[in-house]
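This briefing is meant for someone who is meeting this structure for the first time. Please look over the sequence and the structure below before reading the notes that follow.

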Amino acid sequence: MNLALLYLLLTKAMVSSFSGPTSLPVVRHDLVEVYAVLTDQQLEVAVAAGRVTPGPFGLYLVSLGYFVDGVPGACVGLLALITPAFFIIPMLQYLGKRVNHPRVRSAIRTITLAAAGLLLSTSVPMARASLTGVAPVAIAVATSGFLILTRLPTYWVVIGGAAAGILGNILS
């Protein structure tokens, strides 16, 4: 894949992300479905790598870039990650004065609901690709319950899932 195209696609994903994983549907559509340069499993690994490292959630774009084109792709992912930061300050100055306007608040709520729907529509195909047996389903249910019922950091889920996976391989 052309690095300029990769940069544009990853930047589009970052711009469409509102402080969380809402860029996943965009990334999955572009890189898995349209251009087929990644698999769902590679996307899952990149997201997991981005979640266990400190920093913004969008850090997974660096891993995605690496999967697509090695170190040059990772550099492109990093550039795509930081590009929106250069535009956010002028935008916040403009929007900050208007944030309490009812139409702006309504637009923010609408964007939040649309992002939740997009995230759900992406999660289902990724879950189908990775939940292929009883053990992965049990791990997914346990980790979901852990995240819903506790306030502990996400890295405990990753550690617990890794331990369960290793234990499952040893026992089988």
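The notes begin with the overall fold and then turn to salt bridges, the pocket and the surface.

The structure is a predicted model, and its protein chain contains 7 helices and 0 strands. Of the 172 residues in the protein chain, 26% count as buried.

**Overall fold**
- Read from the N terminus onward, the elements of the protein chain follow the order α-α-α-α-α-α-α.
- Glycine 145 has its place in helix 6, and the C-alpha atom of glycine 145 is separated by 24 Å from that of glycine 58, although the two residues are 87 apart along the chain.
- Glycine 145 counts as partly exposed because its relative accessible area is 23%, which lies between the limits of 20% for buried and 50% for exposed.

**Salt bridges**
- Side chains of opposite charge can pair when their charged atoms come close.
- In this model the count comes to 3 salt bridges.
- One of them joins the side chains of aspartate 30 and lysine 12, with 2.9 Å from N to O.
- This pair links distant parts of the chain, since aspartate 30 belongs to helix 2 (residues 24-34) and lysine 12 to helix 1 (residues 3-15), 18 residues apart.
- Aspartate 30 counts as buried because its relative accessibility is 6%, whereas lysine 12 is partly exposed, with a relative accessible area of 41%.

**A network around arginine 28**
- Arg28, Glu33 and Asp40 are linked with one another in a network of salt bridges.
- Between glutamate 33 and arginine 28, the closest N and O atoms of the salt bridge are 2.3 Å apart.
- Between aspartate 40 and arginine 28, the closest N and O atoms of the salt bridge are 2.8 Å apart.
- Aspartate 40 and arginine 28 are both buried, and for arginine 28 the relative accessibility is 9%.
- Glutamate 33, by contrast, counts as partly exposed, with a relative accessibility of 47%.

**The largest pocket**
- Rolling a probe the size of a water molecule over the atoms shows where empty space is left.
- The largest pocket holds about 1,400 Å³ of space.
- Its lining is made by 27 residues, and those closest to the centre of the pocket are Glu44, Val47, Ala48, Thr143 and Val157.
- Two or more lining residues come from each of helix 3 (40-52), helix 5 (102-130), helix 6 (134-149) and helix 7 (155-171).
- Sorted by class, the lining of the largest pocket consists of 17 nonpolar, 8 polar and 2 charged residues.

- Ile88, Ile89, Met91, Leu92, Tyr94 and Leu95 together make a nonpolar surface patch of about 570 Å².
- Methionine 91, one of the residues of this patch, lies in helix 4 (residues 60-96).
- Methionine 91 counts as partly exposed because its relative accessibility is 42%.

Terms used. Residues are numbered from 1 along each chain as its sequence is written. This is a predicted model: local features need pLDDT of at least 70, side-chain atom pairs count only at pLDDT 80 or more; totals for chains, interfaces and linings use all residues. Side-chain values use heavy atoms; hydrogens and water are left out. On a 1 Å grid over the protein atoms alone, a cavity is a set of points where a 1.4 Å probe fits but cannot get out, and a pocket is an open set with protein on both sides within 12 Å along at least five of seven lines; lining residues have an atom within 4 Å of a point. Grid points are joined across faces, edges and corners, and a volume is the space filled by probe spheres set on the points. Helices (H or I, at least four residues) and strands (E, at least two) are DSSP runs, numbered from the N terminus. Ala, Val, Leu, Ile, Met, Phe, Trp, Tyr, Cys and Pro count as nonpolar, Asp, Glu, Lys and Arg as charged, and the others, Gly among them, as polar. Patches are made of residues with over 30% relative accessible area and no salt bridge: like charges are joined within 9 Å, nonpolar side chains (Val, Leu, Ile, Met, Phe, Trp, Tyr) within 5 Å. Accessible areas come from the Shrake-Rupley method with a 1.4 Å probe; for residues, only the protein chains shown count as cover. A salt bridge is a side-chain nitrogen of Lys or Arg within 4 Å of a carboxyl oxygen of Asp or Glu. Buried means under 20% relative accessible area, exposed over 50%, partly exposed in between (1.4 Å probe, protein chains only).
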